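Work through these exercises with the structure open beside you. Try each task before reading its solution.

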Amino acid sequence: MCKKLTMIGFLVVLISLFISTVPVIGVTIESEKVYELTANIIGPGPIGTKKAENIESAAEEINKMLESMGSPVRVKVSVKFSTLKWGPFADKFYMDFRAGKAPDIVNLRWDPKLADGKFIIPLDKYIAMWWDLDFYDFYSNLWKGVTWKNNIWGIPNDICPAGVWYRKDVLRKLGYNDEEILKMLPSDGKTTLNKLAELAKKAVDAGLVEYGILHRPSKGAGFYATLLEFGVKCYDTLTGNLVIDEPALLKFYKWHADMVKEGVIPPEPPSWKTIHATFVEGKTFCTLASHVGTPGEWKKKYGLTDKALENDLGFLPFPPAVRGIEPTSVHEFAPYLITTKCKHPDIAALLIMFATSPHACAIHSAYTLRPPYRGSALEDPLIKDNEYIQKTAPSVRTVQPVPVHPNFWDYMTRAFNALKGVEAGIITPTQAVDDLKSFGTTIPHMEFIKK
Amino acid sequence: MKKVLGKWTIYISLSLIAIPFLVMYIAFFMQAFSKGITLGVIPQKFGFSNFSFLWNPIPWGLERTSIWGIFLNTVLFASISGFVVTIVCTLAGYALSRLEFRGKVFFLSLQLMLHAITGQILLIAIFFLLFYTKLLYKIPGVALARASLEIPLGIWMAKGFFDTVPWDVERAAIMDGCTRFQVWYMIFLPIIKPGIGALFIWGFLFAWHDFIYVYTLLSGTVPLLSTMLQGLLATEVVDYGVIAALSFFYMLPPLILFVFLQKVLMKAPIMGGKGIA
Amino acid sequence: MKVILKDLSKHFGNVKAVNNLNLEINDGEFIALLGPSGCGKTTTLLTVAGLYKPTRGYIYFNDRIVNEVSPKDRKIGMVFQSYALYPHMTVFDNITFPLKLKKTPREDRKRKALDVARLVHIEGLLNRKPAQLSGGQQQRVALCRALIKEPEILLLDEPLSNLDAKLRAAMRSELKRLQKDLSITTIFVTHDQVEAMTMADRVAVMNEGVLQQFSNPDELYNYPKSLFVAGFIGSPSINLIDVSLARSNGKFFLKGKGVQIELPREISSRVESNSLSPQLVFGIRPEHITVNQKKEGIKAEVYVVEPLGRENLVTIKTSDISLKVLTSPTLKIGPEEKVWIDFNLDKIMLFDKETGRSLLLR
Amino acid sequence: MAKGWLKIRPHWFFLSPGVLLISFFYFIPVVLVFVIAFTNMDQAFNWRFVGLANFSRLFTLRDPLIPRIIKNTIVYIVGALPLTIIGALLISLLTMRVNRTASLFFRAVFFLPRLIPPVVWGFLWMWSFEGTRYGVFNSILGSFGLPIIHWFIKFPMLIVIFANGFLGISLAMLIFTSAIASIPRDYLWAAEIDGASFWQTSRFVIIPLLRWPIMTMTAWHLMSFINSYVYIFLITGGGPYHATEVWALYGYNTAFKNYQYGYGSSIMVVLVVINVLLLITLLRSFGMKKMIERSRIEA
């Protein structure tokens, strides 16, 4: 309680400071001054709605404080929430932007093109200004994911360490007891992808499941993670260049082609709906398409029970597929960004700060079952007693961000497209690698690792 | 006996071609009006629950869009297109049917050539054109672009309507002292009323059905029924049942128009149906 | 081949196109189906061809019922009103099309085509397309195509109606000669009575799907069995006057508006035995009325004089009745002139007004 | 209203709106697409001219997808065009032979695609051939205990060809049936009396008489299959792995999916050129002037 009061005190000071920086201080203007802002917030699915609601409640909180201060200034924010997929949502943003309808705050998959194309503004100023007040306990690895050319461009608002979910009940039906299961698939991920595939094949052959292993139907962090499992080097951290790692890529594609042949992976990745539905129904043994927080979505949309989550499902980071690789967990997210079209970036930044407060973070976490993105949120009464969140929260610390490079997602798109071609049997693994090689020639400074 | 057998082979071969389509149509219909289907076509529970979007907001996240706003957008878009097609084509059709001027043959054959170029391959350029003229992402601008796709053939259609009017009517009107514009306005327009109706409906329907122009030039910013449906399909947030019901709702106005105005439409040259989109 | 139509009916929904038709056509005979348009004559022809299935009744070719035989197996040749020459084939291909379908060798086809083409004098046109031919030539090609199959029955559907008057007259005699030479049973549909009368051995007059009379042209003209036939046959057409029969002093009189005619004894006796109702129609052909200025007969007034060249057609009015009369051009009369007319009582016809049946024939 | 002006040049008054719109939405875009084809225009909308770079990428096979795209385009056209014309002919001929009700029914079934909006038609195909047990045909297979089929993996091009072909059929069928209906009945009767079977009548009489509609429909659909990509875009988006990506769709995707407007334009320029060449050939062989009647008032 005491802590909260000091917090409010801080904020009041802050706001008075802040208002003075905006030349509209209440003394000179009698009538109400209302700042109107817009925000476009994206999913995932209906489950991400708290990211939008948090902005709305941030505005309310600010207005309350302003009122208590007697200031005539008000903030009005209209938030639009979209359940579009990230790709189409980004398209829409670019179009809106060109049409002059860009929102002030937007929530996109982070892409350095946004910064290079002058679509968004850097936020270092605000982060530095309010570091002690608010941003001090964001997990530090998250900032890496939104840094580009020595600037921070977005505020993290969500995290989902991607990994492997599998069905323990299927393994039990195959005759393993819980101890054996934990030994084969330890929760730290120190096993191999082939072990997983072997079990999946057994389950498929026994007719227990329809699908052995399902991966994402589109590019994304989980896809990048599977590349890492095969030791594929996509990005050179030293030079900041993208890399095409032929031998590792070939291994990656060959493995998938073999899995399709064995019937473990379907030749055509099913849609998200099918992935989730069949996994919850127990018709899929293992999904590489999900992350720590996915059970939240399963519970809300697909009828997963707490008991089943407790007993029948198991999670681990992506296990290595080749020797010498550590289990990995990867994240990507859509941070809050402020567009260059924003007329009052200060107010937008303030809104974002309130919308990422420990309590707001806890609200989001509680609703989605995703781990909080800042440590102090774990203390919040909302999730303090939530066993699942408390249990999975540490996984965030080891998560690594996806590389920040303007062509990284183009690369992933191409690589994923080739994967689909390999699985469908339209091209061979060698052709897939050739395809990527020819893509590489169109990107400046691409590095190649030859066989 | 041999003849009877021959008849049956005809029926059977026709049915064989038709069955996959019938299955698709029936599955679609059943999906729209039931909770779900088994065996491809057999509905589980008949009802209108999928149509709840008619009185509730569309289940599209927090973007609580009412179907009726989108419906009105679509009506507006299609109507503008219909009007533009009607006005431009009745004007030009008259000149091409009744006036003699240099380059007429060239103009007419040009229209046929332009119609053959579907406009889809010019979409990139049209995108930039609209962007620089500040018409991009605005219903009137895009409707104008969409209407211009139908104008080449529309001019031919309109010419056909004017051609059916006997020359003596025009000769009489000119003797009575009409100017050309008066002839057009006071004599011809009333005579070819059904043709004008057909032109309007024609422009309206193609705009109503259009996807790629709306998707590329209006997308997101201003949803129409076609792009909204495609968006729902792409995002997978709603069931197939709701999508089928929405599709049904989307298809209904043109179907009703078509059934009621079939006679008028059929007066239009049959080429009115445009190739693939 | 002998063709017999027995109780033949063809209905289209509620429309009875042909109703209970009975016809017997002898081998080698040339008959015409005559009637106004819509009388069912073409339907009859198409039914004989097998293109229509009879609703009721039978068609016999010789003694065989052919109701179920398909057109191609009926050994018929047909010429359509429009000729139905396939526009995309040459004359030769058109003519030999039936043979081609029967997979006749090309050599045979050539030979036969030449034979038939010679018959109708089109051997020089074999390589042309139908569009390059005149109407008469097209007609001959169509005939050729019908004949090449060596049909036993030839069906002609108004084959001359698309030709101009001069050509039509020429084709008439040619068709007739050809038919006699080949002695094929021929059924000829026409609405032109002159064509029917000049060409056919016998003419079947039809009206509204019902056969009116089937007899040779002479009989048809002079002894029509019904009011319809009397009115339909003959140009200029017959004069018909509503009359009633009256008897006085053992003599019979026909009384109309302003006319009274005494019937000769032999006619009146027949009338007496036949007639039931007193309402009759009196008919007399224009050439059987004589006009004089000698004040003999019924007094009348000239209304119009139409010179036809060889004769004049004079319309004459007496009381309220107008009559058409053929007079010699030497008789100089003009409108509004007073004349007197006389009927050739041997040639008069009498019909029952209600049934339309002739009262003078058995 | 400028009456005097109207008197001198009335046709300008009547034609100007049409000329204006057509110049704006056809002529200027054609010029523009040629100009953009020489830039490396991307999302940022910068006009930077790169000379022939786009075209050299296209023609020297530095884009390894090009052979695949060309092959797809050829397979697509070679498959869909005959399907459309032969299918439409077959259906029109068959429906001619059945009774009225049945013929109306079948024609309605095959005409319906034209009344269905593209998005819905796309959805119908996507959903019917979905590779999971939720797809219409797989759910039927499943209920008979048969394994599901990954339609879009096994027959992607076939599905696209059929989806587009039957759209073509709906139009061509309409044209052909009305053309058949306008053939004088005498021709068919004459053929029947001459002893032609149904197929012989069709082959020797009906189809030769339909030469003009068949030619127009072939030309029409050839252009249409070359230029349009909406249905492929909706059904497969060009996938899986470019298996159904035809030239026009590749141009669209390059521009609007990958934001390479410049390269996309150069792809479309190729189509514009092909169109112009094709049109010139077609117009020559069809004799355009014959189709246009002269007016009969000199005023």
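**Exercise 1. Find the strand that runs parallel to E3(C) over four bridges, then describe how E3(C) is placed.**

Solution. Keep in mind that this is a predicted model.

Step 1. The strand is E9 of chain C, residues 202–207, and four bridges join E3(C) to this parallel partner.

Step 2. C:Leu33 has C:Ala204 in E9(C) as its bridge partner.

Step 3. Look for another partner. E3(C) also pairs with strand E8 of chain C, residues 185–190, in the parallel sense over five bridges. Here C:Leu34 stands opposite C:Thr190.

Step 4. Check the cover. E3(C) covers residues 30–34, and five of its five residues are buried. C:Phe30, C:Ala32 and C:Leu34 point one way, while C:Ile31 and C:Leu33 point the other way.

**Exercise 2. Which strands join E17(C) through bridges, and what lies in the turns?**

Solution. 

Step 1. Start with E16 of chain C, residues 298–307. Six bridges join E16(C) to E17(C), and the two run antiparallel. C:Val304 stands opposite C:Thr315 in E17(C).

Step 2. Inspect the turn. E16(C) and E17(C) form a hairpin with four residues between them. C:Gly309 in this turn has a positive phi of about 105°.

Step 3. Move on to E18 of chain C, residues 321–327. Seven bridges join E17(C) to E18(C), again antiparallel. C:Thr315 finds its bridge partner in C:Lys324 of E18(C).

Step 4. Inspect this turn as well. The hairpin of E17(C) and E18(C) has two residues between the strands. C:Ser319 takes a positive phi near 45°.

Step 5. E17(C), residues 312–318, is mostly covered, with six of its seven residues buried.

**Exercise 3. What is the strand order in the open sheet of five strands in chain C, and which strands stand at its edges?**

Solution. 

Step 1. Read the order: E13-E12-E11-E14-E20, with antiparallel pairing.

Step 2. Find the edges. E13 (260–262) and E20 (349–352) of chain C each have a single partner strand, so one side of each is left without a neighbour in the sheet.

Step 3. Note the turn between neighbours. Neighbouring strands are turned by 35° against each other on average, direction ignored.

Step 4. Zoom in on one pair. E11 (residues 239–248) and E14 (residues 279–284) of chain C pair in the antiparallel sense over six bridges. C:Leu240 has C:Gly283 in E14(C) as its bridge partner.

**Exercise 4. How are H12(A) and H13(A) oriented to each other, and which residues meet?**

Solution. 

Step 1. Locate the helices. H12 spans residues 272–281 of chain A, and H13 spans residues 294–302 of chain A.

Step 2. Take the angle. They pack at about 85°, with their axes 11 Å apart. H12(A) and H13(A) are therefore roughly perpendicular to each other.

Step 3. List the contact. From H12(A) come A:Lys273, A:His276, A:Ala277, A:Phe279 and A:Val280. They meet A:Thr294, A:Glu297, A:Trp298 and A:Tyr302 in H13(A).

Step 4. Sort by class. The contact has five nonpolar, two polar and two charged residues.

**Exercise 5. What span should H9(D) have at 1.5 Å a residue, and is this helix enclosed or open?**

Solution. 

Step 1. H9 of chain D holds 26 residues, 156–181, so it should span 38 Å.

Step 2. Compare with the model. The end C-alpha atoms are 37 Å apart, which agrees.

Step 3. Count the cover. Of the 26 residues, 21 are buried, so H9(D) is largely enclosed by the rest of the structure.

Key
Residues are numbered from 1 along each chain as its sequence is written. Chains are lettered from A and ligands numbered from 1 in the order in which they are written. This is a predicted model: local features need pLDDT of at least 70, side-chain atom pairs count only at pLDDT 80 or more; totals for chains, interfaces and linings use all residues. Side-chain values use heavy atoms; hydrogens and water are left out. Axes are lines fitted to C-alpha atoms, for helices over the stretch in contact, and angles run from 0 to 180 degrees between N-to-C directions. Angles under 35 degrees count as roughly parallel, over 145 as roughly antiparallel, 65 to 115 as roughly perpendicular and the rest as oblique. Contact means heavy atoms within 4.5 Å. Ala, Val, Leu, Ile, Met, Phe, Trp, Tyr, Cys and Pro count as nonpolar, Asp, Glu, Lys and Arg as charged, and the others, Gly among them, as polar. Two strands pair if DSSP finds at least two bridges between them. The expected span of a helix is 1.5 Å times one less than its number of residues. Buried means under 20% relative accessible area, exposed over 50%, partly exposed in between (1.4 Å probe, protein chains only).
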